[in-house]
Amino acid sequence: MARLGGSMQKNKGFTLIELMVTIAVIAIIASIAAPSMSDFRQSQQLKEQENKLKLALTEARTEARLQNKPMTVVFSAVTPGASNTIFVDIESSKFDFNMKNKKIIFYSNGLADTSEGSCLSISDIDGKRTKVLKIDKLGMLSTSSSCSGG
């Protein structure tokens, strides 16, 4: 039996409407995911700064015990000629840090001189996220929700 108008071909592929709907769905998903990815990146940067602080404080306490002499952690840029000192420079263009230009000293017995501050608070510039570390007189670190309460 012959068909009118010649033989019909089977169309393979997508119509323009199907492609436009697919692109629209992808655009909607991307617009939802982009802010959360930005938020995740900022949280990770803050966590990285917190880990930098923890590492410096732990290293200073350990070195004070091993070398049997005081070690100082200074929260500023490196000063040439300083011995027995670990410098931690928090990027002030991205983060607010309450211990800027202050120090903590660890003695050979592991105790800490926290007279300039025992609570280290670092937050992003807009203040949405904050990480708090407390250090006690024994030189032990702990995380906290705020610097208040002791």
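**One spot, close up**

Let's start with Ser-76, which counts as buried because its relative accessibility is 11%. Here "buried" means under 20% relative accessible area, "exposed" means over 50%, and "partly exposed" is anything in between, using a 1.4 Å probe and protein chains only. Before going on, keep in mind that this is a predicted model: local features need pLDDT of at least 70, side-chain atom pairs count only at pLDDT 80 or more, and totals for chains, interfaces and linings use all residues. Numbering runs from 1 along each chain as its sequence is written, and side-chain values use heavy atoms, with hydrogens and water left out.

So where does Ser-76 sit? You'll find Ser-76 in the loop between β1 (71-74) and β2 (85-87). Helices (H or I, at least four residues) and strands (E, at least two) are DSSP runs, numbered from the N terminus. Setting aside neighbours within four places in sequence, Ser-76 is in contact with Phe-87, Val-88, Asp-89 and Asn-101. "Contact" means heavy atoms within 4.5 Å.

One of those partners, Asn-101, is worth a stop. Asn-101 has its place in the loop between β3 (95-97) and β4 (103-106), so the touch with Ser-76 links one loop to another. While Ser-76 is buried at 11%, Asn-101 counts as exposed at 59%. Asn-101 also has a positive phi, about 65°, although it isn't a glycine.

Another asparagine has a positive phi as well: Asn-68, at about 55°, again not a glycine. Asn-68 is in the loop between α1 and β1, and at 57% relative accessibility it counts as exposed.

From that loop, let's step into the helix. Glu-63 is found in helix α1 and, leaving out neighbours within four places in sequence, is in contact with Asn-68 and Met-71. Glu-63 is partly exposed, with a relative accessible area of 24%. For a sense of scale, take Glu-63 and Lys-12: they're 51 residues apart in sequence, and their C-alpha atoms are 71 Å apart in space.

Arg-61 also has its place in helix α1, which covers residues 16-67, and it is partly exposed at 23%. Not counting residues up to four places away, Arg-61 touches Phe-106, Gly-110, Leu-138, Gly-139 and Met-140. Its C-alpha is 9.3 Å from that of Val-73, which is 12 residues away along the chain.

With residues up to four places away left out, Glu-50 touches Lys-131, Leu-133 and Thr-143.

There's also a covalent link to look at. The structure holds one disulfide, meaning a pair of cysteine sulfur atoms within 2.5 Å. This one joins Cys-119 to Cys-147, with an S to S distance of 1.9 Å. Cys-119 lies in strand β6 (residues 119-124) and Cys-147 in the segment after β8 (141-144), so the pair ties together parts 28 residues apart in sequence. The torsion about the S-S bond is about -85°, so the disulfide is left-handed. As for accessibility, Cys-119 counts as buried at 11%, whereas Cys-147 counts as partly exposed at 33%.

Now zoom all the way out. The protein has one helix and eight strands, and along the sequence they run α-β-β-β-β-β-β-β-β. Its C-alpha atoms fill a box of roughly 100 × 30 × 25 Å along the principal axes. A compact globule of 150 residues would have a radius of gyration near 15 Å, but this protein has 28 Å; that radius is taken over C-alpha atoms, and the globule rule is 2.2 Å times the number of residues to the power 0.38.

Of the 150 residues, 26% count as buried, with Ser-76, where we began, being one of the buried residues. Among contacts between residues at least 6 apart in sequence, 54% join residues at least 24 apart.
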